[in-house]
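Have a look at the sequence and model, then read on.

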Amino acid sequence: MHRDDATKQFHSGDDRLAELIDDSQPVDLPTPDTDVPMVSRSVRLPLETYERVRSAAEARGIGVTTLMRQWIEAGLADLDDSATVSLADVRRALASLAHPTAA
């Protein structure tokens, strides 16, 4: 059915539109990755930056928005004075132990 026809049927109260909806096949929707309520925000990124993020997410086997959320949470943890230690600091400390610099 064409969109204009469906709109006309809807506004006229035509029951055939309801029948079309009732006869439709169920759709499998993706399962959210969290039970926490989320807020959707739009972020404008240069194409090259987005491609790098997409590649990093793909390498980790997670979605782009999941990776971006993890990075934002890690950045906020760095700003939080009440945090015991940030994951970024742990990674830097481990890297410096693996490759000590000459004093």
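A residue is called buried under 20% relative accessible area, exposed over 50% and partly exposed in between, using a 1.4 Å probe and protein chains only. This is a predicted model, in which local features need pLDDT of at least 70 and side-chain atom pairs count only at pLDDT 80 or more, while totals for chains, interfaces and linings use all residues. Residues are numbered from 1 along each chain as its sequence is written, and side-chain values use heavy atoms, without hydrogens and water.

**Helix H3**
- Helices are DSSP runs (H or I, at least four residues), numbered from the N terminus.
- In H3, the buried residues are Val53, Ala56 and Ala57.
- These cover an arc of only 100 degrees around the axis, so they sit on the same side of H3; the arc is taken from the directions between the helix axis and the C-beta atoms.
- Leu47, Glu48, Glu58 and Ala59 are exposed on the other side of H3.

**Salt bridges**
- Two salt bridges turn up in a search of the whole structure, each defined as a side-chain nitrogen of Lys or Arg within 4 Å of a carboxyl oxygen of Asp or Glu.
- Arg54 pairs with Glu51 at 2.7 Å, N to O, and the two lie three residues apart in H3.
- Arg54 counts as partly exposed because its relative accessibility is 32%.
- Glu58 also bridges to Arg54, with the closest N and O atoms 3.5 Å apart.
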